[in-house]
Amino acid sequence: MVQCEMCGTETGSPKTVKIEGAELEVCDDCADFGTEVKTEETASTSTKYSTSSSGSASSSGSTSSSSGGTSGGGGGGGSRRDMFDEMDEVVQDYDERIRTAREADDLTQEELANQLNEKASLIRKLERGEVLPSDSMQRKLERALGIDLSMGGSGEDSEWSGGSATGGTTLGDVVKRKD
């Protein structure tokens, strides 16, 4: 029996599901929260993700894929890239940084909006923290005000140390479901 990585229940046949960019082994109930990742069966009953590069699968012959099926699947999984790997996150205090930089330059919200060719209402909402800046708006603000609104992608991921394989914290322990 395997533990569901989302809710923590024991399941005999987990499904591999992609939920917000993360591939998780989940039970049937939690599988509805994401899209199921298609797997293809090989002769040695090891599974490979269908999103792995087709060049490596076609370049290896049938004898090499059956003899090194488990090592080939593990090596391909480590080199896969996700669209979220390249995204920069906006800092939490972006509203304060925008406001203090604008005030330091002695600009009103309307003047900054005209300079950026944007609406003043958008500047007001950004400074109140009601909306996140789009990528293009973030670049405009960083150039005009000389500030940095993006936090590096390596900060939070390295702090996480849980995992169901170690018997530690699962996603189900951290997230509260709304029913």
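Reply: Helices (H or I, at least four residues) and strands (E, at least two) are DSSP runs, numbered from the N terminus. This is a predicted model, in which local features need pLDDT of at least 70 and side-chain atom pairs count only at pLDDT 80 or more, while totals for chains, interfaces and linings use all residues. Residues are numbered from 1 along each chain as its sequence is written, and side-chain values use heavy atoms, with hydrogens and water left out.

Me: zooming out, how many helices and strands does the protein chain have?
Reply: The secondary structure of the protein chain comes to eight helices and nine strands. Of its 179 residues, 22% count as buried. Taking contacts in the chain (heavy atoms within 4.5 Å) with a separation of 6 or more, 42% are between residues 24 or more positions apart.

Me: how do α5 and α6 pack, in terms of angle and distance?
Reply: Helix α5 covers residues 109–116 and helix α6 covers residues 120–128, and they pack at an angle of about 115 degrees with their axes 8 Å apart. Here the axes are lines fitted to C-alpha atoms, for helices over the stretch in contact, and angles run from 0 to 180 degrees between N-to-C directions.

Me: which residues make that contact?
Reply: From α5 the contact uses Gln-109, Glu-110, Leu-112, Ala-113 and Leu-116, and from α6 it uses Ala-120, Ile-123, Arg-124 and Glu-127. Sorted by class, the contact of α5 with α6 has five nonpolar, one polar and three charged residues (Ala, Val, Leu, Ile, Met, Phe, Trp, Tyr, Cys and Pro count as nonpolar, Asp, Glu, Lys and Arg as charged, and the others, Gly among them, as polar).

Me: and Gln-109, what does it touch?
Reply: Leaving out residues up to four places away in sequence, Gln-109 touches Arg-102, Ala-120, Ile-123, Arg-124 and Glu-127. Gln-109 lies in helix α5 and is buried, because its relative accessible area is 17%.

Me: how does α4 meet α6, then?
Reply: The axes of helix α4, residues 94–104, and α6 come within 6 Å and cross at roughly 120 degrees. On the α4 side Tyr-94, Asp-95, Ile-98, Arg-99 and Arg-102 take part, and they meet Leu-126, Glu-127 and Arg-128 in α6. The residues of the contact of α4 with α6 divide into three nonpolar, no polar and five charged.

Me: switching to strands, what order do they take in the three-stranded sheet?
Reply: The open sheet of three strands has the order β4-β3-β5, with antiparallel pairing (two strands pair if DSSP finds at least two bridges between them). The edge strands are β4 (22–26) and β5 (35–36), each of which pairs on one side only.

Me: how many bridges hold each pair?
Reply: Between β3 and β4 there are five bridges in the antiparallel sense, and Val-17 has Leu-24 in β4 as its bridge partner. Strand β3 (residues 15–19) and β5 also pair in the antiparallel sense, over two bridges, and the partner of Lys-18 in β5 is Thr-35.

Me: what about the turn between β3 and β4?
Reply: The hairpin of β3 and β4 has two residues between the strands, and in this hairpin Glu-20 takes a positive phi near 50 degrees.

Conventions:
Buried means under 20% relative accessible area, exposed over 50%, partly exposed in between (1.4 Å probe, protein chains only).
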